[in-house]
Amino acid sequence: MSSRPLILGTRGSELALKQTEMVTAVLQAAHPGLIIERKIIQTSGDKRQDLRFSEFADVAQVDKGIFIKELEIALENGEIDAAVHSLKDVPSELAAGFQIASVMPRAPIEDVLITREACTLESLPHGARVGTSSVRRAAQMKWLRPDLEMVEVRGNVPTRVKKVLGEQPLDAVLLAAAGLIRLGLLKDGLIEIDGHTVHGLTLDPVKFLPAAGQGAIAIECRSGDDSTRSTLRAINHADTEIRVTAEREYLRLLGAGCQTPVGAHTWLANGQLYMAVRVFDEADLSAKPWEMEISGPADKPALLAERLAMLT
């Protein structure tokens, strides 16, 4: 093991820093004596929170990774050795010169419906205003409840949770369970924030499909940096890698980006990998989505994705 510190790059949000702490702890447990330094890098997505995702076309390409581009520049320039990402923010096709070296054990993949009073998808008031930054969540909500008004919200996790509070609150907000859990906010269906208690209903991933890679932390490094890759591979979680490989390869073959309304749900059982997808028409989100579920050998996730893409 080199005596040179391993420099991890990360975004500066509370969740990103927490995830980098998790990666650091696991790496140091796997490599006693390893020195790790953290470097915070602000990305395009962090700098321009005044913009809706749909408006980023004027300043950056959303599907090229508005939350990872600057981290990859730092990697390319040798300022950092590896970058810690929420995998669902990483484009399904990486730019040349980069690789996902490892993934951490996956957190819960579900989405959470956050409301002031205990509520379900079915019992939300008619015409309720629901906040989300995800076109996938918005499309599924409109498909299940055409009467709802979807409102795009930006900001870190606590900021978005607080959108259901205040003088002109939204009726509900949708967020990933993984972030809420990692920040210690979601406990037994309740979220404590700024002296308020709101409700968090975890949605069934079979009924409300998550995003490809949701709940997974990825560590990216330079292609050809065998030393760093070897260090990072020691903490790779095989089952998570199998599942996210299938999900991301399906998106790649579909030509789908980070903001394409596609839900993907995978699970492993008895040596088999199962995958269910729900694909919405970007030009007409009110149209019935295409749905399919297939299975195949767990050791061939890319082949399963290819079979599924051929059917789409």
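User: Why is threonine 132 called buried?

Analyst: Happy to start there: threonine 132 has a relative accessible area of 4%. A residue counts as buried under 20% relative accessible area, as exposed over 50%, and as partly exposed in between, with a 1.4 Å probe and protein chains only. The 4% of threonine 132 falls under the 20% limit, so the residue is buried. Please keep in mind that this is a predicted model, where local features need pLDDT of at least 70, side-chain atom pairs count only at pLDDT 80 or more, and totals for chains, interfaces and linings use all residues. Residues are numbered from 1 along each chain as its sequence is written, and side-chain values use heavy atoms, with hydrogens and water left out.

User: Where does threonine 132 sit, and what does it contact beyond its neighbours within four places in sequence?

Analyst: Threonine 132 belongs to strand S6, residues 129-132. Strands are DSSP runs of E with at least two residues, helices are runs of H or I with at least four, and both are numbered from the N terminus. Contact means heavy atoms within 4.5 Å. Beyond the neighbours within four places, threonine 132 is in contact with Arg137, Ala138, Met150, Val151, Glu152, Val153 and Leu174.

User: What makes the chain as compact as a globular protein of its length?

Analyst: First, the inventory: nine helices and 15 strands. The radius of gyration is 19 Å, close to the 20 Å that the globule rule gives for 312 residues, so the chain is as compact as a globular protein of that length. The radius is taken over C-alpha atoms, and the rule is 2.2 Å times the number of residues to the power 0.38. The C-alpha trace spans about 60 × 45 × 40 Å along its principal axes, and 52% of the 312 residues count as buried. Among contacts between residues at least 6 apart in sequence, 69% join residues at least 24 apart.

User: Why do arginine 222 and aspartate 81 count as a salt bridge?

Analyst: The rule asks for a side-chain nitrogen of Lys or Arg within 4 Å of a carboxyl oxygen of Asp or Glu. Here the closest N and O atoms are 3.8 Å apart, so the pair of arginine 222 and aspartate 81 meets the rule. Arginine 222 lies in strand S12 (residues 217-222) and aspartate 81 in the loop between helix H3 (69-76) and strand S3 (82-86), so this bridge ties together parts 141 residues apart in sequence. Aspartate 81 is buried, at 3% relative accessibility.

User: Which other residues are linked with arginine 222 in the network, and how many salt bridges are there by this rule?

Analyst: Arg4, Asp81 and Asp225 join Arg222 in a network of salt bridges. The side chains of aspartate 225 and arginine 222 meet at 3.3 Å, N to O, and aspartate 225 is buried at 16% relative accessibility. The count comes to 17 salt bridges.

User: What about lysine 300 and aspartate 299: how do you label the exposure of each?

Analyst: Lysine 300 has 41% relative accessibility, so it is partly exposed, whereas aspartate 299 at 58% counts as exposed. Their side chains meet in a salt bridge at 3.8 Å, N to O.

User: What makes the phi of asparagine 270 worth a remark?

Analyst: Asparagine 270 has a positive phi of about 55° although it is not a glycine. Asparagine 270 sits in the loop between strand S13 (262-269) and strand S14 (272-279), and its relative accessible area of 82% makes it exposed. Aspartate 194 also has a positive phi, near 50°, in a residue other than glycine. Aspartate 194 is placed in the loop between strand S10 (190-193) and strand S11 (196-202), and at 56% relative accessibility it counts as exposed.

User: In helix H6, is alanine 177 buried or exposed, and what does it touch?

Analyst: Alanine 177, in helix H6, is buried at 2% relative accessibility. Leaving aside neighbours within four places, alanine 177 is in contact with Pro108, Glu110, Asp111 and Val112. Its C-alpha is 5.6 Å from that of glutamate 110, 67 residues away along the chain. Isoleucine 181 is also in helix H6 (residues 177-182), and is partly exposed at 39%. Isoleucine 181 touches Pro108 and Leu186, not counting residues up to four places away.
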